[in-house]
Amino acid sequence: MDIAKFSLKNKLLIYVLTILSIAYGLIVYDKIGKLQDPEFTIKDALIVTNYPGASAVEVEKEVSNRLEETLQTLPYVKRIITKNSSGQSIIQVSMKDQYKSKELQQIWDELRKKINTTYLPPRVGTPYINDDFGDVYGIMLAIYGDEYSYEELKDYIDFLKKELILVDGVGKVATYGEQQRALLVEINKEKLAKSGISKDAIIQELYSKNLVANFGKVDVGTQFVRISADGFNSVKELENIVIKGNNSTSQILLKDIANIRQTYQEPSSEILKYDGHNSIALGISTQKGGNVVKLGELIDSKLKELEYKKPLGIEIGTISHQGNDVSLAINSFMINLIEAISIVIIVLLLFMGLRSGLIIGSVLLVTITTTFILMPLFDILLERVSLGALIIALGMLVDNAIVVVDGILVRINRGIDAKIAASQVVKQTALPLLAATIVAILAFGAIGLSDDSTGEFTQSLFYVVLISLGLSWIIAMTLTPLLAVQFLKASKVKENSKNEEASEEYDSFIYRSYGVVLKFALNYRYLVVLLAIVVFITSIMSFKYVKQSFFPNSSRPQITVDYFLPQASSIKTTSAYMDRLNKEVSKVKGVDHISTFIGSGSLRFILTYNPEKPNSAFAQMLIDVGDYEQPNRIIKEIETLAKNIYPDLNVYGKKFILGPSDGGQVQAKIFGKDLDKLRQYEQKVYKIIASSPYSKAIKSDWQNRVKVLKPIISYEKANLNGISKDSIAQAILDTFQGRTIGVYRDGKELLPIIIRAEQRQREDIKNIGNIQIFSPMANKMIPLKQLISGYETVFEDDIIYEYNRKRAITIHADPVEGKLANDLLLDIKEKVESIDFEDGYYLQWHGEYKNSKDAKEPIIASLPLFIVVMALIIIGLFRSLKKTLIIWLTVPFSLIGVVIGLLVMDLPFGFASLLGFLSLSGMLIKNAIVLIDEITLENEENNIPLNKAIYISGLNRLRAVAMAALTTALGMIPLVFDPFFASMAVVIIFGLMVATFLTMILVPVFYAIFFKAEKLK
């Protein structure tokens, strides 16, 4: 089919379609979902199971092991990470990479059924399964007011939740830092002992008084009327409850032996401070595929609309506002895109001439706007990677148009009619350009097929390239010849033979210089190949000097600072530490706002953030920094002042990274069974890492061992008094921590009723012996010291981690400023691995090392498939193994420019660099195809001698290949300043410039060698 002829005959249709595509593309751009970073599916669920009173070892054996066995029966499970702590099991189960978000809901349903049918020991709580673990609350607001109680703040937050959930695009609304109200019944032990009433009688009375009672229904005339009576409506009514002893005639009002008051449950599970103020966070998530920028605007508008209902004195602070962040990021990237397009068009105008440059520039803009139309069909949003992909593809997008315009222009200059020239060029280049375009797309294919979170994070790169390059070929075959015929004019050149190598169109300095170099290379072909191989080997040997990394740091103007107090520190102590540190950190230059999360990590406010699991000894500051150029200084200052104020505090500051992450960048994970031996190996590894000058933020995920007080019960005496171990445990629990015994309905919500001793009895552990416990045999209260022969203090592990059902202790570390994780790993790896682990104990490296390895493995594993497919396409195009081999032989030489670029720019080779190298390979193969196709045409169809055909083809394709390389390389310049794309951009710029020169030399040289061309005279 003559595509050019069809386009010329139907030019009105082509123009109308073009105009409609541009208009609709701009509409889609405005409406398409926008994010700062790409979405990827967090295929994890949390299973939280409480086992009050159990040690970490008991939790591990009696709860976690049973649940893990159940989970292993599911074929979908990839990884199980379990945190066993005193009284609680937290299992994080990850599904295999091949399962997509649409399949996960069914998997979670099956998981629930399995877990709910698992037998667990008595008194183990019902497992809570959180499959919303990956939800992102992109907008997080802090609600605070110093004159307001938590209850009053919650009333306002409940109002906001009802209003904001109705905003178009809102997925969920959640809170952090709410304090649970409770009804405290604090019993005076002396009065209780004198009353002759047992504590059980009080508990039973409180439990029964506020239960919902069923009075039944009665026939009243024609109606069946329900009978109902109100329960207690005030604390005062509860105080006047009459308590009667079970085996005595004693009766007494509850208020005579107990103090009853409404307060907040202690200890709190989580606390939020915003700039030092007690706060509650309100998190708002976007519906999947939603426009975060639009949602942010709607939320801001709704809050302004509701401003008049906000109580005086309540303030709303911003913890994170992804709408604003995304808007800034998208605007910045659009500026980069516009800059890149401008650079490409300017280069085209300078080197292709005004008319050719404007035609190719117009085609480029049409291709980009049309790409926006198709992106939603592939579930692609506007974000860092998809927009970056457009910039990366810019040079390739103009490749096809350059070849077509250049071919038409050459023929017009030779006196051929424009329409005939267009038809000839499109016929000649359609198949080779299609093959070259498919090969360039396939070079990104390994990224598109990667199922893990890293591959999913960068997947839009492949799909945007697929869409845009596919469209660029279609537009190059249809619109481009139409514009060329209409606007290109013949330049004033002499009428020379089309086969004359000294044609005036090649009489410029650049062509003459290239001709001289090419002639020398063809005549001294083996020397040139030898020199190229020497340079290539040198670059491979120099690669060891290139830094290694996984994902770079983000430019997000926030940092996190993690604080770990000694394990088992109360949340009250942790909060007191943070109050002091908040005041000091706020004085650090560059710190704007501080959001402090105490007791656990925050709600997930960006996808790459991993919240810390609940721990009363943990706190995290999320700090807004005004000047992102100074985060390292701010982190260092905070770490120093925190350690000076609290020497027992472990403090680690870090920046966000652009990609999935979890824990320290370097992680040494030690596996084994015996707790003491694991601790011994932990200390050995810890010391080695701590001795490295490259290490900081070193911590063990098991933390320190904690004190446990063990009363030695005289069971003989207990039995004589009719008292069980359980009764003793409840007496101690009721005295110090308190026990929930029922619920109180206050008209708004159900409040737990907690019974405990008065504060003066709870303050001193020495009072444990004086705790009064009811003896059924003696029918009176007796002190606990009569049943306890002594006390023992022991140290035990409060946290025990398991990794895929094996005990594993992990030492985390980060590199110091100026060093990368790989630098730290190389410094310690040999020393750590030299530790003599006995049988059953071994070490694995996790963190960035494993993440990078896991991310690269599926890409590298799928590469052979794509290489074979690309090779088959080239073989099918040229019907020659030799020509296919020539093309592939040029690809490795691109490494020369890659190594030079990374060393010169002092950038690491990471995951983005690998993607850059893959895309670079596709670009080079595409250029080589265009050049070999020209050689084949000149030699086999125009019957020019092979040596001259190779030489002339080099000259014929120099402008098209050089322009494609130049536009790609220069168009990448804006990405050099982007944290994520910097190394990728450098790989493509330097690799492409060096490799293009080598392609224009080595492809002709290899062709001359393989097909035994004679030397040029």
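The legends below describe an overview and several close-up views of a predicted model.

**Conventions.** Residues are numbered from 1 along each chain as its sequence is written, and side-chain values use heavy atoms, with hydrogens and water left out. Because this is a predicted model, local features need pLDDT of at least 70 and side-chain atom pairs count only at pLDDT 80 or more, whereas totals for chains, interfaces and linings use all residues.

**Overview. The protein chain in outline.** The secondary structure of the protein chain comes to 30 helices and 30 strands, where helices (H or I, at least four residues) and strands (E, at least two) are DSSP runs numbered from the N terminus. Its C-alpha trace spans about 125 × 80 × 55 Å along the principal axes. Of the 1017 residues, 56% count as buried; here buried means under 20% relative accessible area, exposed over 50%, and partly exposed in between, with a 1.4 Å probe and protein chains only.

View 1. Phe6, Leu12, Leu13, Val16, Leu17 and Leu20 make a nonpolar surface patch of about 570 Å², with accessible areas taken from the Shrake-Rupley method with a 1.4 Å probe, for which only the protein chains shown count as cover for residues. Patches are made of residues with over 30% relative accessible area and no salt bridge, like charges being joined within 9 Å and nonpolar side chains (Val, Leu, Ile, Met, Phe, Trp, Tyr) within 5 Å. Helix H2, residues 11–31, gives the most to this patch, with 5 residues. Leu17 lies in helix H2 and counts as partly exposed because its relative accessibility is 44%.

**View 2. The crossing of helices H3 and H4.** The axes of helix H3 (residues 56–72) and helix H4 (residues 101–116) come within 9 Å and cross at roughly 140°, the axes being lines fitted to C-alpha atoms, for helices over the stretch in contact, with angles from 0 to 180 degrees between N-to-C directions. H3 and H4 are therefore oblique to each other, since angles under 35 degrees count as roughly parallel, over 145 as roughly antiparallel, 65 to 115 as roughly perpendicular and the rest as oblique. The crossing of H3 and H4 is right-handed; a crossing is left-handed if the near helix is turned anticlockwise from the far one by less than a right angle, and right-handed if clockwise.

**View 3. A salt bridge between Asp131 and Arg112.** The side chains of Asp131 and Arg112 meet in a salt bridge at 3.0 Å, N to O, the term denoting a side-chain nitrogen of Lys or Arg within 4 Å of a carboxyl oxygen of Asp or Glu. The partners are 19 residues apart, with Asp131 in the loop between strand E4 (128–130) and strand E5 (139–144) and Arg112 in helix H4. Asp131 is buried, at a relative accessible area of 14%, whereas Arg112 is partly exposed, at 27%.

View 4. Arg181 and Glu749 form a salt bridge through their side chains (3.2 Å, N to O). This pair, 568 residues apart, links Arg181 in strand E7 (residues 181–187) with Glu749 in the loop between strand E23 (739–745) and strand E24 (750–757). Arg756 forms a salt bridge with Glu186, with 3.1 Å between the closest N and O atoms; Arg756 is in strand E24 and Glu186 in strand E7, 570 residues apart. Arg756 counts as buried at 5% relative accessibility, and Glu186 counts as buried at 6%. Glu186, Arg261, Glu266, Arg756 and Arg762 are linked in a network of salt bridges.
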